[in-house]
Amino acid sequence: MKRTFAVVACVVTLLGLAPAAFAQAPAPKVTITGLFDQVTSTGKNIYDGNFSRSSDQEWYARTRFRPDFEFAVGRTKAVLGLEMDLTWGQCGANDGGFPGNTSGTNSGCKGGSNGGFDINTDVGGMIELKWMYTEFDLTGKDSLMPFIPVATVARLGAQPFSTLGNYKVVYANGDFAGMSTRTTFAPNLAVALAYVQVEEEIAGGNRLVRTSGNRRGNDFAAIISPEITPFKGLDIKPVYSYFYAEGSTSGSSRRAVSNQQGAVSPTEESRHTVGLDMRWRSGPFSLDPTVMYQFGEINQRSAGTILHSDRSAWLIDVQGGWQLGPLLLEARGVYTTGNKASDDLRTEDRNYFDPLNLDTGYWSGWSNIQALGVDYFNGGGGTLAGMSTGIGYDRYGRMGFALRATYSITPALAFYGIVSPTWTAEKVDTDTTSSATGRGAPTAATNGGDSRYIGTEADLGMTWRFAPNTVFDLVGAYLFAGGALDTREAVAPTGTAERDSKDGWTVAARVRLSF
């Protein structure tokens, strides 16, 4: 019923009387926009999520082509977005092919890529479909429902979140399949709605046991977000979102965590997210504060009984800046709640924040190791237990800040530096393993954790717009690893040993052509 109600609420506005006779249709128009990236990077001890084992290192290069094709007739248009990512040189057993249903899983390819250009560079099966949507006027003049006087633009299909759920990347980013609308009531007031189909249960799948990989459940989300501009320079976006999942769901929408008292595998979850996102521009000053709160309930069937837990999580993210001639000074801070190592996540409150989808975009531009940077295939996700996808570090939450200074020698050439210390909200149990998928289960139900300090990252970089629509980026980043990244590892022939975390670093360069 929950899913049916949400679908009906979003679709009902699509029904109406037939529009009046059309005037002569305008000529069709096709527009192509996009980018080419040529990227190379090298680094050490930032790739496998284990900072106590420092043998992981690489130097590689790759190419990305990201075109968008827009097919427009008047105000109605359809958009097809494609993406191709290939490394220079064959990385695994094959140079390409179709890597299942995700990128980065094709026979040893670099995470995020689809294959590699080997000798002769004849590589097939490389195209990802990113966007495939139709945009049209739903209400207002010359629309599907012209009898409704306010203007509404609708999108149907695979589309970007854009600003549907936030201004700053904190809750909904990347892409989704579903429908969205934006209704403009006044020049300073609009309302955005979205229905997000996370997973779908087709006919026949409902007969399978709930734990079957081929029974995905009817998982969905809905977003409503007014956009208010009280005066020029200030934008305010209240946000409400509802997320529902049956059984397993996308790892982008629910963080996978290990639990000492038993496996965490919810059979049903209802999650509410409420918040306020703002952006203020006044002369040389900027301020972007965000506050969000999550609540809800999670049920897990285990041995004939139902284990119940509630969701209660906070996220506070504030960014500000000041322009002093050629010098831009900026700061950003984050705090999000977390769970203690001793918490049984099957029956105790979930205090860590779960975004709907961040597409590894959180903190981007403020780091190159703790988040995605110039080489957006490294950093954040597998490097630090999902910090670019789930904001917090594993179950333990997050707190920290960053300071960034950018000096523009000319409008085309700028240099910048970033310092970003980070801690967890709750102490990390370091008597566990660590990998690209997160920390191992806490060692005992009584373990209160060992350390909060993840480390401090320092970055130095430059941006040079040396030709029209062409940019060269170069950056170096170093992470001074903290005690929260320590681990306990198995040692031969038997037993375990504590291992201290070690620093990591990376250098990356990119040439980008936008068109």
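**Figure 1. Arg439, a buried residue in the predicted model.** With a relative accessibility of 3%, Arg439 counts as buried. The model shown here is predicted. Arg439 is found in strand β18, which covers residues 438-439. Which partners does the side chain of Arg439 meet through polar atoms? One is the side chain of Tyr393, joined to the side chain of Arg439 by a polar contact of 3.2 Å. Another is the backbone oxygen of Ala484, which lies 3.0 Å from a polar atom of the Arg439 side chain. Leu384 is also of interest in this view. Leu384 and Arg439 are 55 residues apart along the chain. Their C-alpha atoms are separated by 9.5 Å.

**Figure 2. Asn218, in the loop between β8 and β9.** Strand β8 spans 189-199, strand β9 spans 219-231, and Asn218 sits in the loop between them. Is Asn218 buried or exposed? Its relative accessible area is 16%. Buried means under 20%, so Asn218 is buried.

Figure 3. Most residues other than glycine have a negative phi. Asn45 has a positive value, with phi near 65°. Asn45 is placed in the loop between β1 and β2. At 1% relative accessibility, Asn45 is buried. Thr121 has a positive phi too, near 50°. The loop that holds Thr121 runs between β4 (115-117) and β5 (128-139). The relative accessible area of Thr121 is 45%, so Thr121 counts as partly exposed.

Figure 4. Which residues make the nonpolar surface patch? They are Val30, Ile32, Phe36, Phe71, Leu513 and Phe515. The patch covers about 510 Å². Strand β1, residues 29-44, gives the largest share of the patch, with three residues. Phe71 belongs to strand β2, residues 57-73. Its relative accessibility is 39%, which means that Phe71 counts as partly exposed.

**Figure 5. The whole protein, for orientation.** The protein has two helices and 23 strands. How much of the protein is buried? Of its 515 residues, 48% are buried. The protein exposes about 23,300 Å². Carbon and sulfur atoms supply 61% of that area.

**Figure 6. Confidence along the chain.** The average pLDDT of the protein is 89. A score of at least 70 is reached by 90% of the residues. Over residues 11-22 the pLDDT is below 50. Beyond near neighbours in sequence, residues 11-22 have 16 contacts in the model. Residues 99-105 also have a pLDDT below 50. Beyond near neighbours in sequence, residues 99-105 have 11 contacts in the model.

Methods. Residues are numbered from 1 along each chain as its sequence is written. This is a predicted model: local features need pLDDT of at least 70, side-chain atom pairs count only at pLDDT 80 or more; totals for chains, interfaces and linings use all residues. Side-chain values use heavy atoms; hydrogens and water are left out. Helices (H or I, at least four residues) and strands (E, at least two) are DSSP runs, numbered from the N terminus. Buried means under 20% relative accessible area, exposed over 50%, partly exposed in between (1.4 Å probe, protein chains only). Patches are made of residues with over 30% relative accessible area and no salt bridge: like charges are joined within 9 Å, nonpolar side chains (Val, Leu, Ile, Met, Phe, Trp, Tyr) within 5 Å. Accessible areas come from the Shrake-Rupley method with a 1.4 Å probe; for residues, only the protein chains shown count as cover. A salt bridge is a side-chain nitrogen of Lys or Arg within 4 Å of a carboxyl oxygen of Asp or Glu. pLDDT is the predictor's confidence in each residue, from 0 to 100. Contact means heavy atoms within 4.5 Å. A polar contact is a pair of N or O atoms within 3.5 Å; within protein, one must be able to donate a hydrogen and the other to accept it, and residues adjacent in sequence count only if both atoms are side-chain atoms.
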